[in-house]
2 protein chains.
Amino acid sequence: MASVGIKDVAARAGVSVATVSRVLNAHASVSPAARARVLDAVEALGYRPNTLARSLRTDQTRTLGLVISDVLNPYFTELARSVEEEARALGYSIIFGNADERPEIQDHHIRTLLDRRIDGLLVSPTDGGSPLVLDAARAGTPMVFVDRWIAGVDVPVVRADGSAAVRDLVAHLHGLGHRRLAIIAGPATTTTGSERVAAFRDALAEYGLDLPDAYVGQGDFQAASGRRATERFLDLPTPPDVVFAADNLMALGALDALRARGLRVPDDIALAAFDDIPWFVHTDPPVTAIAQPTGELGRAAVRALTDRIEGRTPRSVTLPARLVVRRSCGEAAAPGPRTARKPEGAPRDHRP
Amino acid sequence: MASVGIKDVAARAGVSVATVSRVLNAHASVSPAARARVLDAVEALGYRPNTLARSLRTDQTRTLGLVISDVLNPYFTELARSVEEEARALGYSIIFGNADERPEIQDHHIRTLLDRRIDGLLVSPTDGGSPLVLDAARAGTPMVFVDRWIAGVDVPVVRADGSAAVRDLVAHLHGLGHRRLAIIAGPATTTTGSERVAAFRDALAEYGLDLPDAYVGQGDFQAASGRRATERFLDLPTPPDVVFAADNLMALGALDALRARGLRVPDDIALAAFDDIPWFVHTDPPVTAIAQPTGELGRAAVRALTDRIEGRTPRSVTLPARLVVRRSCGEAAAPGPRTARKPEGAPRDHRP
DNA sequence: AATCCTCGTGTAATCGATTCCACGAGGAGG
DNA sequence: CCTCCTCGTGGAATCGATTACACGAGGATT
């Protein structure tokens, strides 16, 4: 049970603990003979350094914290995967925290992470300005925001800019003859919650279209809220002819609501979503979505954070999102050969 | 920068570090006056104990490791979520590792976790018998297997038993007139890889049906392999009329392959999957699947592990999976009111 | 009034590493 | 042959907590 420590290695190799530590850390000079004996002892004893002790002494854990808003959301799942991958390549470990879109759980994880003395924190804030996050940032904890961010703190942000893609989407919808466009927004306290609505409204304005309050549903990025918002739209005197969900989970909820009413997409009503995921190829119908360069975002975020940790100057990064047209908004009017649609016969792999 | 330590608290409260530690840990007796002064000091200084130091001394981290096979798989994602939730309720933290179905990455995570001196390990082994896992188990690391397991070690297993549900599935398929049934298996090195094939074969036998080798596709639980296996089936002189994928990702791949060939489900070929996920309600067509009690599994696994850690006797748990019939295998022949199908008009929430 | 508990508290050892400093041996330079 | 470096090495302090042990004060017991 008593796991082997550096002392045991030292004893077996016939050297002091200092020497063992030196060979293990490729430090100063150690004679080839001693080094060999130490290495042998390490091997023979199956010695593994105690990370806790090491970190306590050196004051660095080579560990990064990642707090995401919702693990059940494929977008964040893919983000988490790329973050871990890049971190591992850079010699860091990742500890994840899942906030489940709940600020108090988010704070719980952040506190735990801080208590563990992680070297840096990657956050996609669930709310607009947790005092905990703000304090940590001001206290000097290396931090970078991914996807969502909080204004007013000097923390680099790595995110996708969807405005051009949203404009493309609106153009696409307008071209298909849709005029009454509604959106299911995320919480106004999150940047992605408000920005996507703003981008949508701006794009509509370019086509002389208005975005009435009744056409802005309030969601929370989870499926159930998408369902509720959609039902509300359908109960309106003049329901919209397009519903644009600000994330994939709410789009799923919208699909649920539409199916429950027996409505057909896109014939009765069109649907589009922010965030593209593999499943959207196979839904009935395949859904038109705005795809973020998720893997790139994750990698860039890790690089920014490690830059900050290792004394380099971190840069904020904004990458463009792009529109992926499928069938959920309707076909081009022309009865000829389908043109505007990207062929998806040889679907992309779900693994980069 | 120099974060506040127990010494600073002690100084401010005018007591010794021992007393501070005592109030923080609700230990022995401390006078109300001293306790109050300590608490004030903690508050004023914003003191947070250093987990590293504490764990080093006490030899326990109140942290559990969870190594899952693939984060991109919604099944594991849901499992991870329930595991974390239950662990949090029990006062433990979880550190996740994503093996990406690659044994070497799995081992990397296990090693890292062990180096961190986690109190226990939850593993869903990617391969049949990583020496690392075996050694750790034998060395006394508290461990429990979830979903998949490794034979020959005395480690509790928490999993779902799908055999009854597979039998139900075969009955359903047989009733629909299908006779040529194929399966896309997972790696034979995993228990879920081989067990599901065995259950399928047994169930077929009950109906006097055979499972020829050509109808056993070899997959690796990832989408691309489902696609490849399906293509191979379709190239057979007599292709199967049903494809049963042993997990949801391979089912996705199968759907891809079917769509690429222009085949219609279930008219041209039927499809079923192991693991039910919210998206299966919305695919084209909705897919018939075997649902595991994922949340229950996660919670049971955590309880088994904490039992082991805290000196109680852990129990293995096996929960039944159940068949969820949708449209991907065809409609019941009788033209009367649809009976066998569970109404899904008010779809379940994607959040328990 | 002497003795014995009990209670509250502080001193110091400890966990397992890293690292500063000192020291002895041996080679180079004078 | 003496001095001075350099190199390899060990001793011991340190990181920030927990906790065994000792000790003094005060109340209860006889």
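Select Ile95(B), which is found in strand β2 (residues 93-98) of chain B; helices (H or I, at least four residues) and strands (E, at least two) are DSSP runs, numbered from the N terminus. Leaving out residues up to four places away in sequence, Ile95(B) touches Ile94(A), Ile95(A) and Arg116(A) in chain A, and Thr63(B), Leu64(B), Gly65(B), Leu66(B), Leu113(B) and Arg116(B) in chain B. Contact here means heavy atoms within 4.5 Å. Ile95(B) counts as buried, at 3% relative accessibility; buried means under 20% relative accessible area, exposed over 50%, and partly exposed in between (1.4 Å probe, protein chains only).

The model is predicted: local features need pLDDT of at least 70, side-chain atom pairs count only at pLDDT 80 or more, and totals for chains, interfaces and linings use all residues. Residues are numbered from 1 along each chain as its sequence is written, chains are lettered from A and ligands numbered from 1 in the order in which they are written, and side-chain values use heavy atoms, with hydrogens and water left out.

Next, display both chains. The contact takes 63 residues from chain B and 63 residues from chain A. Between them the chains bury about 5600 Å², 56% of it on carbon and sulfur atoms; buried area is the accessible area (1.4 Å probe) that two parts lose on being put together, summed over both. On the chain B side, select Leu52(B), Trp279(B) and His282(B), which lose the most area to chain A, together 15% of what that side buries.

Then select Asp276(B), in the loop between β9 (270-274) and β10 (288-291) of chain B. Asp276(B) is buried, with a relative accessible area of 12%. Its side chain is joined to that of Arg326(B) by a polar contact of 3.0 Å. A polar contact is a pair of N or O atoms within 3.5 Å; within protein, one must be able to donate a hydrogen and the other to accept it, and residues adjacent in sequence count only if both atoms are side-chain atoms.

Move to helix α11 (residues 248-260) of chain A, whose 13 residues reach 18 Å from first C-alpha to last, close to the 18 Å expected at 1.5 Å a residue. The expected span is 1.5 Å times one less than the number of residues. Of the 13 residues of α11(A), 11 are buried, so the helix is largely enclosed by the rest of the structure. The cover over these buried residues includes α5 (74-89), β6 (181-185), α10 (223-235), β8 (242-245) and β9 (270-274) of chain A. At the N-terminal end, Asp247(A) caps α11(A), with a side-chain oxygen 3.3 Å from the backbone nitrogen of Leu249(A). After the helix comes Gly262(A), whose phi is positive, near 75°.

Finally, colour the nonpolar cores. A nonpolar core is a set of buried Ala, Val, Leu, Ile, Met, Phe, Trp, Tyr and Cys residues joined through side-chain atoms within 4.5 Å. The largest has 102 residues, and among those with the most contacts inside it are Phe200(A), Ile290(A) and Val166(B). A second, separate core of 52 residues includes Ile68(A), Tyr92(A), Val144(A) and Ala87(B).
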